[in-house]
Amino acid sequence: MRMYDIIIKKRNGEELTKEEIQYFVKGYTEGSIPDYQAAALLMSIYFKGMNKKETAELTIAMVNSGDAVDLSEINGIKVDKHSTGGVGDKISLIVVPLVASLGIPVAKMSGRGLGHTGGTIDKLEAIDGFKTEYTKDEFINNVNKYKMAISGQSGNLVPADKKLYALRDVTATIDSIPLIASSVMSKKIASGADCIVLDVKVGSGAFMKSVEEAVELAETMVEIGKSLKRRTVAIVTDMNQPLGHEVGNSNEIIEAIDVLKGKGSEDETEVALTIAAYMAILGGAYEEFEEAYSALREIIESGKAIDKLKHLIKIQGGDPEIVDNTDRLPRAKYHIEVKSEYEGFITSINAENIGISAMLLGAGRKTKEDKIDFSAGISLKKKVGDRTAIGETLCILHTNLGDTAEAEQIAQCAYNIGNIQKKIDRYVYRIIQ
Ligand code: URA
């Protein structure tokens, strides 16, 4: 078999066989297929697509590129969730303690941020002492004992995705349905949970820009999950502006705490409760969505959810006092207000640009080697539908850097202001199961 022939076949829009897909994934992971040939195939897949069968084969080949985690020693039905990536997306920090409060084992494997999107592991490391690297046995013990654990992915979990994702990131081939579906589902299948809830983001800050595309991605992933005997639900949620009001690390932890104390913003609370409700249903605690949703709301109101977060921080070695005293989290030296140059209503906020601005302030990584400044980030003072006058603050940039001109300009340009008030009144568009 030759990589050259596989590239030609896909370039001409033909279906690849299981053997050809396996040959490519194995060869690229091991290093016998060079970046330039892999990039040519990725671009061909980007333009010609893959059918459901090819996408499922690609997913399986990626799972088999490394070590899958066996979580069978965890008692009960294990649930996991995954987001296709957004800005200000702190849902995992909220749903892990929330769903665990119901006694459902939540075995959450999370990643780090790259580019304009944040990662749960980076956010948690803003908490002094919080441990994110666990051996398989420690992880299983924690889930069995406390019903919850969050861990970074082990070194050899889907190595094919690590290489392919890095290559896609620099070859403009991220936003392809078969490539996203296989990347997400290979990690979730290899992570070993029985049930998976997927948060498929749609809008200006997401890889999928239209609801139709997002639904197609959601359906593809749900089908792969089911074909591999994992109960899977996908929820298409809004990313036409950052989620909540905080983007960064420390400040996102503070906002997650607010949601768990019942003081969260409407968008954040609704998306978190919807995802948690489906995790609760798949985990067997409830049958009906409304029942699960209102039970979870009660858990927040009773104070049980925030206690559970405190407990999670404690068992993972972090400082639980941050829950009651958020000043203990890293704080930036400078706080720069970005002011409106126009009068009117906020008609849209480009979430990707807010993410890029936050990254330039130090909240994210430009390259994998960059170190994160946990205190850096952006607080959005205005969101879509809000009125602004000239000179009013749109957002505040938090940083320790002296030169913030580029970040300020990008944040300023992320805001679109017009005469017509537009409200985003839907945060959840579709449920695919
Ligand atoms: N998230 C992933 O894990 N992979 C993608 O390709 C896109 C989002």
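This is a predicted model: local features need pLDDT of at least 70, side-chain atom pairs count only at pLDDT 80 or more; totals for chains, interfaces and linings use all residues.
How many bridges join strand β8 to β12, and in which sense do the two strands run?

**Figure 1. Strand β8 and its pairing with β12**. Strand β8 comprises residues 344-349 and is joined to β12 by four bridges. The two strands run antiparallel. Two positions of β8 illustrate the pairing with β12. Phenylalanine 345 stands opposite glycine 418 of β12, and isoleucine 346 has isoleucine 417 of β12 as its bridge partner.

**Figure 2. Strand β8 and its pairing with β10**. Two bridges connect β8 with β10, and the pairing is again antiparallel. Arginine 387 in β10 is the bridge partner of phenylalanine 345. Phenylalanine 345 also stands opposite glycine 418 in β12.

**Figure 3. The open sheet of three strands**. The strand order is β10-β8-β12, and the pairing is antiparallel. Strands β10 (387-388) and β12 (415-418) are the edge strands, each of which pairs on one side only.

**Figure 4. Helix α16 across strands β8 and β12**. Helix α16 is formed by residues 405-414 and lies across both β8 and β12. Relative to β12, the helix runs at about 40°. Buried residues of α16 are Ala407, Ile410, Ala411, Gln412 and Ala414. The elements that cover these buried residues include the strands β7 (334-339), β8, β11 (393-399) and β12, together with helix α15 (351-363).

**Figure 5. The crossing of helices α9 and α10**. Two packed helices are described by the angle between their axes and by the distance between the axes. Helix α9 spans residues 177-190, and helix α10 spans residues 211-227. Their axes come within 10 Å and cross at roughly 40°. Because of this angle, α9 is oblique to α10. The crossing in which α9 passes α10 is right-handed.

**Figure 6. Residues in the contact of α9 with α10**. From α9, the contact is made by Ile177, Ile180, Ala181, Val184 and Met185.

Definitions and conventions
Residues are numbered from 1 along each chain as its sequence is written. Side-chain values use heavy atoms; hydrogens and water are left out. Two strands pair if DSSP finds at least two bridges between them. Contact means heavy atoms within 4.5 Å. Axes are lines fitted to C-alpha atoms, for helices over the stretch in contact, and angles run from 0 to 180 degrees between N-to-C directions. Buried means under 20% relative accessible area, exposed over 50%, partly exposed in between (1.4 Å probe, protein chains only). Angles under 35 degrees count as roughly parallel, over 145 as roughly antiparallel, 65 to 115 as roughly perpendicular and the rest as oblique. A crossing is left-handed if the near helix is turned anticlockwise from the far one by less than a right angle, and right-handed if clockwise.
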